[in-house]
Amino acid sequence: MEGRASIVAGESVVLNAPRRDEFVARWSLFNDPMLAMMLGSPVLAHGVHTRTMPPVSAEYREALYEEHVARRVLCFEVRLADGDGRCIGEAYLADLTWPRASGELCVAIFSPDDRRQGYGTEAATLVCAYAFDGLGLNRISLRFPVENVAATQATERAGPDLRARKVGVEREAEWVFGRHGDVAVWEVLRSDFPPHPATAELRTPPGEFAG
Ligand SMILES: CC(C)(COP(=O)(O)OP(=O)(O)OC[C@H]1O[C@@H](n2cnc3c(N)ncnc32)[C@H](O)[C@@H]1OP(=O)(O)O)[C@@H](O)C(=O)NCCC(=O)NCCS
């Protein structure tokens with residue numbers, strides 16, 4: 001993956017910093033209304049957000065990248081760890097504010113062919129590890145429509161390992177699948193999240209870093 005800025009690596013996927021040209025060029029992938037519905041399609045009051053209903057334009061992606069540059073949203077590429085390092089998805093930490101130190105995690109694996117192979121779960125875990133150990137976030141939340149079976153099952157399966165807990169259900173909180181649908185909210189706290197090998201050295205006690 002020459003010329004790419006890798007942040008943290010897992011067994012199957014790595015998180016990379018997106019390059020503007022490639023990030024913007026992916027705009028058309030987000031014109032799948034079903035993907036938008038699965039994500040939850042909110043358009044937040046402060047404007048550009050990681051999730052929105054189509055039509056999504058290259059200019060929207062430009063604006064999102066600017067939010068990333070301003071560090072109000074952090075965007076990550078999810079790339080395969082092996083082979084050509086193909087970009088299979090993106091992950092986001094949105095609504096970052098300090099000193100609140102909280103953010104909302106969202107993961108999208110683009111192609112159905114790449115789903116159900118553990119990539120989404122590993123990407124979410126790596127974002128949490130980096131956010132807690134690298135960025136010093138204190139809390140990460142996850143919101144998705146209750147009808148999103150993949151997100152529901154994946155979160156319920158990974159939740160115990162990540163020490164995540166379901167906060168509850170926001171009723172009719174987003175526009176999903178033709179009506180205002182319920183949204184599940186999960187959270188994980190830094191103090192609960194178990195150490196992860198990808199970021200273990202970032203937790204090394206002072207004086208013990210071997211370099
Ligand atoms: C939700 C999403 C990120 C999950 O990522 P993924 O790589 O497909 O999921 P994983 O392979 O990590 O799934 C782990 C477990 O979750 C469950 N799961 C995942 N997808 C499922 C599905 N479609 N139906 C039922 N269970 C599913 C399974 O138990 C699975 O383990 P198994 O395959 O060994 O049985 C992915 O489906 C996606 O990008 N969807 C579109 C965008 C989206 O909805 N994002 C979530 C909003 S934050």
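Predicted model: local features only at pLDDT ≥ 70, side-chain atom pairs only at ≥ 80, totals over all residues.
Me: What makes the radius of gyration of the protein chain agree with that of a compact globule?

Reply: The rule for a globule is 2.2 Å times the number of residues to the power 0.38. With 211 residues this gives a value near 17 Å, and the protein chain has 17 Å, so the two agree. Along the principal axes, the C-alpha atoms fill a box of roughly 55 × 40 × 35 Å.

Me: What share of the residues in the protein chain is called buried?

Reply: A residue is buried if 20 or more other C-beta atoms lie within 10 Å of its own. Of the 211 residues, 36% are buried.

Me: Which elements make up the protein chain, and in what order do they run?

Reply: The protein chain has five helices and eight strands. From the N terminus on, the order is β-β-α-α-α-β-β-β-α-β-α-β-β.

Me: Why are strand 1 and strand 7 said to stand at the edges?

Reply: The eight strands form an open sheet with the order 1-2-3-4-5-6-8-7 and mixed pairing. Strand 1 (5-9) and strand 7 (165-176) each have a single partner strand, so one side of each lacks a neighbour in the sheet. On average, neighbouring strands of this sheet are turned by 30 degrees against each other, direction ignored.

Me: How do you know that strand 5 and strand 6 pair?

Reply: Pairing requires at least two bridges between two strands. Strand 5 (residues 102-109) and strand 6 (residues 139-145) have four bridges, in the parallel sense. Gly-103 stands opposite Ile-140 in strand 6.

How values were computed:
Residues numbered from 1 in each chain as written. Helix = DSSP H or I, 4+ residues; strand = E, 2+ residues; numbered from the N terminus. Buried ≥ 20, exposed ≤ 12 C-beta atoms within 10 Å, placed from the backbone. Axes fitted to C-alpha atoms, helices over the stretch in contact; angles between N-to-C directions.
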